[in-house]
Amino acid sequence: MSDMSNSLPFNSSIICGFFTPLPPEQAPDDTPGFWAVLQGSSLMVLAGLQQAQLPEGSLPADIIPQTEPMRIGIWQGKPLRAVRIAPDAILPVKYEALPFQGPDIRLDNTLATIAGRAAQILHWERRSCYCSHCGCGLVRIVANWGKHCPSCGEDHFPHIHPCIIVLVRRGTELLLIRNAAWNPGRFSLVAGFLDFGESLEECVQREVREEAGIEVANIRYVGSQCWPFPSQQMIGFLADYAGGEVKPDGVEVVEADWFSVDALPASPGSKRSISRWIMDTYGVDVTAAHSVIKP
Ligand SMILES: [Zn+2]
């Protein structure tokens with residue numbers, strides 16, 4: 001089994017050596033440091049640089065955070081704090097906001113990964129103010145991202161949603177689908193969320209059956225990726241065609257077809273995504289294979 005997917009953006013390996021994660025601080029800490037300022041799915045960086053840099057020092061006075069600054073770790077030896085600002089906030093001219101899922105090479109994979117981690121943490125913080133069981137305000141579990149309900153006693157931990165993504169191969173052809181929400185001409189791999197009572201392999205079989213109407217076999221795990229939009233765990237697979245005629249469901253998926261590896265549509269997904277990585281790794285060299293994992 002490969003661990004190459006560890007090198008994908010948003011996975012921790014990308015920032016090990018530069019970043020030490022820390023649990024939420026229990027006491028105020030005003031040691032100067034760096035800022036991960038998020039605006040939607042963009043990261044605020046110093047403007048006009050070939051290689052983006054995080055703001056350092058005090059949070060600029062004309063930046064109005066919507067959230068309390070939250071220290072999430074140590075970046076290059078100094079505290080790194082994350083805040084979110086309004087989607088329509090006008091940035092001071094010294095700064096610009098770069099999408100961290102997008103292709104802008106000024107934002108390297110390291111900073112994209114920092115931004116993704118900050119976004120995932122702030123998303124959890126925003127969604128974990130109140131107990132989903134009784135509605136009472138939650139308190140932090142010491143040295144942990146979890147929260148505790150003082151009223152009913154329930155503990156809550158960060159919600160990370162498992163999602164399979166699979167490249168289905170038939171000889172030298174690949175199965176690609178177009179989601180109803182995507183522009184014509186854009187195709188990607190079959191993907192979907194794990195359902196109750198399923199193994200990951202069963203989820204692969206069901207999603208391919210639902211989205212494309214065919215059966216698959218020989219399902220092999222190839223790698224995984226943290227996907228902080230807002231909080232998924234993408235689990236990647238290869239599978240072989242095993243029967244049936246391709247037929248999109250017509251609702252979630254409006255097109256599904258076999259594409260020859262010599263005539264693929266535009267590369268699927270963001271260049272930072274596991275879908276792109278799976279295609280680049282296993283979609284061109286169709287002999288590339290991994291050990292079979294049996295359910
Ligand atoms: Zn409760």
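Analyst: Helices (H or I, at least four residues) and strands (E, at least two) are DSSP runs, numbered from the N terminus. This is a predicted model, in which local features need pLDDT of at least 70, side-chain atom pairs count only at pLDDT 80 or more, and totals for chains, interfaces and linings use all residues. Residues are numbered from 1 along each chain as its sequence is written.

User: How many helices and strands does the chain have?
Analyst: The chain contains 3 helices and 16 strands.

User: What is the mean pLDDT of the chain?
Analyst: The pLDDT is the predictor's confidence in each residue, from 0 to 100. Its mean over the chain is 92, and 94% of the residues reach 70 or more. Over residues 291–295, however, the pLDDT is below 50, and this stretch has 8 contacts in the model beyond near neighbours in sequence; two residues are in contact if their C-beta atoms, placed from the backbone, lie within 7 Å. Where pLDDT is low, the predicted coordinates should not be read in detail.

User: Why does the radius of gyration agree with a compact globule?
Analyst: For 295 residues a compact globule would have a radius of gyration near 19 Å, and the chain has 21 Å, which agrees. The radius is taken over C-alpha atoms, and the globule rule is 2.2 Å times the number of residues to the power 0.38. Along its principal axes, the C-alpha trace spans about 60 × 50 × 35 Å.

User: Which domains does the assignment give?
Analyst: It gives domain 1 (8–127), domain 2 (129–158) and domain 3 (161–283); such bounds come from an automatic or database domain assignment. The centres of domain 2 and domain 3, taken over C-alpha atoms, are separated by 36 Å.

User: Now the helices. Is α3 mostly covered or mostly open?
Analyst: Helix α3 (residues 274–283) is mostly covered, with 8 of its 10 residues buried. A residue is buried if 20 or more other C-beta atoms lie within 10 Å of its own, exposed if 12 or fewer, and partly exposed in between, with C-beta atoms placed from the backbone. Among the buried residues of α3 are W277, M279 and Y282. Their cover includes β11 (161–170), β12 (173–179), β14 (215–227) and β15 (232–243).

User: And which residues of α2 are buried?
Analyst: They are C203, V204, Q205, E207, V208, E211 and A212. Strands β11 and β16 (253–260) are among the elements that cover them. After α2 comes G213, whose phi is positive, near 75°.

User: What is the order of the open sheet of 3 strands?
Analyst: The order is β8-β9-β10, with antiparallel pairing. The edge strands are β8 (139–140) and β10 (155–156), each pairing on one side only. Two strands pair if DSSP finds at least two bridges between them, and 2 bridges join β8 to β9 (residues 147–148). In this pairing, V139 stands opposite H148.

User: Where is A143, and is it buried or exposed?
Analyst: A143 is in the loop between β8 and β9. It counts as exposed because it has 11 C-beta neighbours inside 10 Å. Although A143 is not a glycine, its phi is positive, about 55°.

User: Where is Q76, and what is its phi?
Analyst: Q76 lies in the loop between β5 (70–75) and β6 (78–84). Its phi is positive, about 50°, although Q76 is not a glycine.

User: Finally, which residues does the cis peptide bond join?
Analyst: It joins F229 and P230, with omega about 5°. P230 is in the loop between β14 and β15.
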